[in-house]
Each structure stands twice: as C-alpha cells, then as structure tokens.
Amino acid sequence: MTGGNSAPPSAIEVLTGSPYGAQIEPSGLPYFDPPGWNPDLGLDAAVDLLGWTCERSAGGSPDEALDRLRAASGPALVGPVDIGLLRHQPWAAGTAIGGDHWVVVLEVTDDVVVMHDPDGFPYATLPIDSFLQAWRAEKLDFSAPHVLRTHFRRVRDVRVEDAVRASLPAAVSWLANGDSAGAVHRLAGMLAAGIDDDLQRHLSTFAVRSGARRLDDAATWLASIGEAEAAVIARDQSTLLGRLQYPLVVGEFSQAAETLRQLAPGYRQLLTALG
C-alpha cells in the first residue's frame with residue numbers, strides 16, 4: 001500500500017508496541033501484548049512513526065460503509081474484521097469469534113470484495129454480505145464497526161531504524177504501565193490448575209506463537225539500533241514463549257506453567273534495559 005519503500009512487517013509489528021507486555025483481558029483471554037494495548041492503537045502509532053498519514057473513518061450502516069469502501073481510491077486497509085467470518089479461510093468458524101484481523105481491499109464488484117489477506121490468501125474474494133458481516137466486528141470491544149483507512153500518503157521521510165528508535169519511549173511506557181509479570185503469573189496459575197479446550201486452543205493456535213514472533217521481531221530491530229542488552233532480553237523472552245507451544249498442544253500444562261514463571265521477570269528486565 002505504501003510502495004516499494006515499505007517497512008517490513010517485522011518492523012511494523014515492533015512499531016505498534018505489541019511486543020512490550022502481557023495481559024489478561026476482562027474476557028479472561030490472555031494475550032502477549034501490553035496491558036491496555038490493542039491492534040487499532042498500535043496500527044495508528046506505526047503509521048505515524050514511519051512518516052505516513054491516512055484518512056480513518058468508522059461507523060455508519062453497512063450500506064454507508066460499503067459506499068465509503070467503493071469510493072476509496074487505491075487499496076484500502078480494512079479492519080478489524082472478525083476472522084471467524086472470513087469464509088474464504090478454510091478453517092474459519094463461520095460465526096463471529098471476536099478474533100481481530102485486517103485485510104487490504106483492492107476492489108468491490110457488484111457481487112464480491114477482492115482483497116489481499118495477510119494470512120496467505122492473495123486476491124481472495126468474499127461475497128459482499130459476508131464481508132460486511134465480518135466488518136461489523138461486533139464482538140471486538142476495542143473497536144467501532146466498519147473501520148477503514150484510505151488515502152495513505154507520506155508526510156516525512158523516515159528510515160525504519162529511526163522509527164524504531166523513536167518508538168522506544170512508547171515501549172518504555174507500555175512496559176511500565178500495568179502488570180505484565182502479574183498477568184503471566186496469573187496465567188501460570190490457571191495452567192497449573194488445568195484449562196479448558198477453548199483456552200488451550202486460543203493459546204496454542206494464536207496467543208503463544210504471535211507473542212513469540214513479536215518478541216523475536218523486537219530483538220532483531222532493537223539490535224539493529226544498538227540496543228544490545230534489550231535485544232538479548234527480548235530474544236530470551238521469545239525463546240521461553242516458544243517453548244510453551246509443545247506442552248500446550250499435548251496438554252502438559254504444569255510444564256507450561258513453569259515456563260511461564262520463568263518468563264515473568266523478563267518484562268521488568270526489558271524495561272530496565274530500555275529505560
């Protein structure tokens with residue numbers, strides 16, 4: 001969407017602030033991202049840090065939202081959409097599940113929406129009614145329905161490394177606010193007591209792998225700007241989180257709980273290194 005000089009996805013992930021914490025939402029679902037953070041906030045931060053701006057709109061009826069999408073010039077970033085309703089994905093639940101996702105819409109025909117889905121589906125299509133249902137995002141408490149970002153334009157030239165360095169005050173703030181270590185210890189207690197199939201599925205199919213990847217991306221980009229100590233800590237955190245995957249899948253929850261207890265102190269260590 002931003003041309004040949006786009007920042008790589010790994011850098012964008014770091015610029016959103018997502019690697020810097022862990023939380024258990026009021027719904028009871030754990031995520032390895034900062035307390036109070038959500039992807040919509042993070043996306044706006046990343047766009048600004050990279051020297052871009054865009055027009056953001058939200059709300060309205062489904063017909064009004066569709067009119068806005070049709071009127072967009074060039075690719076449009078749409079989301080959050082509920083991933084459970086993206087029926088072009090063979091594993092989609094077919095019902096709203098409260099899982100957030102973003103897609104780049106290329107065209108709206110009389111019948112379908114044509115999009116690039118970063119889950120690995122280029123030029124995917126979805127019937128308009130199905131797309132609008134997903135775009136309502138009714139189970140995503142952090143967002144309004146029908147959020148649309150269009151007319152991306154560069155307002156200043158920013159090197160990716162400079163953007164990462166400019167993001168560090170926000171990273172420190174995310175690490176300092178809330179209680180990431182407490183959330184991790186709470187999750188360890190939940191695992192030690194035994195968890196149900198839904199929570200096991202959430203952790204093993206999304207939360208752990210996304211959290212490990214985010215921390216690994218942070219380690220790479222922190223190293224690129226000379227934050228060597230913070231990079232080592234982030235890599236260690238990513239390694240510990242990655243080790244959770246197998247015990248979670250096979251139901252060895254006591255082992256997973258012990259690994260989480262080792263993970264908890266790293267957030268304070270990362271704050272110290274960056275702060």
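Lys and Arg are counted here as positive and Asp and Glu as negative, while His and the chain ends are not counted, and the place of a charge is taken as NZ of Lys, CZ of Arg, CG of Asp or CD of Glu. On this basis the chain has 21 positive and 34 negative side chains, with the centres of the two sets lying 3 Å apart. The structure is a predicted model, in which local features need pLDDT of at least 70 and side-chain atom pairs count only at pLDDT 80 or more, whereas totals for chains, interfaces and linings use all residues. Residues are numbered from 1 along each chain as its sequence is written, and side-chain values use heavy atoms, with hydrogens and water left out.

The chain contains 12 helices and 8 strands, where helices (H or I, at least four residues) and strands (E, at least two) are DSSP runs numbered from the N terminus. Its radius of gyration, taken over C-alpha atoms, is 19 Å, close to the 19 Å that the globule rule (2.2 Å times the number of residues to the power 0.38) gives for 275 residues, so the chain is as compact as a globular protein of that length. Along the principal axes, the C-alpha atoms fill a box of roughly 55 × 45 × 25 Å. Buried residues (under 20% relative accessible area, with exposed meaning over 50% and partly exposed in between, for a 1.4 Å probe and protein chains only) make up 51% of the 275 residues. The chain exposes about 12,800 Å², of which carbon and sulfur atoms supply 51%, the areas coming from the Shrake-Rupley method with a 1.4 Å probe. Among contacts (heavy atoms within 4.5 Å) with a separation of 6 or more, 67% are between residues 24 or more positions apart.

Two strand pairings involve strand β8, two strands being paired if DSSP finds at least two bridges between them. Strand β3 (residues 52-57) and strand β8 (residues 148-154) pair in the antiparallel sense over 5 bridges, and within this pairing E55 stands opposite T150. Strand β4 (residues 76-82) also pairs with β8 in the antiparallel sense, over 2 bridges, and here L77 stands opposite R149.

In strand β3, R56 counts as partly exposed, at 41% relative accessibility. When residues up to four places away in sequence are not counted, R56 touches D40, D44, V147, L148 and R149. R56 and F131 are 75 residues apart in sequence, and their C-alpha atoms are 19 Å apart in space.

Several backbone features fall within strands. The peptide bond from G79 to P80 is cis, with omega near 15 degrees, and P80 is found in strand β4. H151 has a positive phi of about 55 degrees although it is not a glycine. Y123, likewise not a glycine, has a positive phi of about 55 degrees; Y123 belongs to strand β7 (residues 121-127) and is exposed, with a relative accessible area of 59%.
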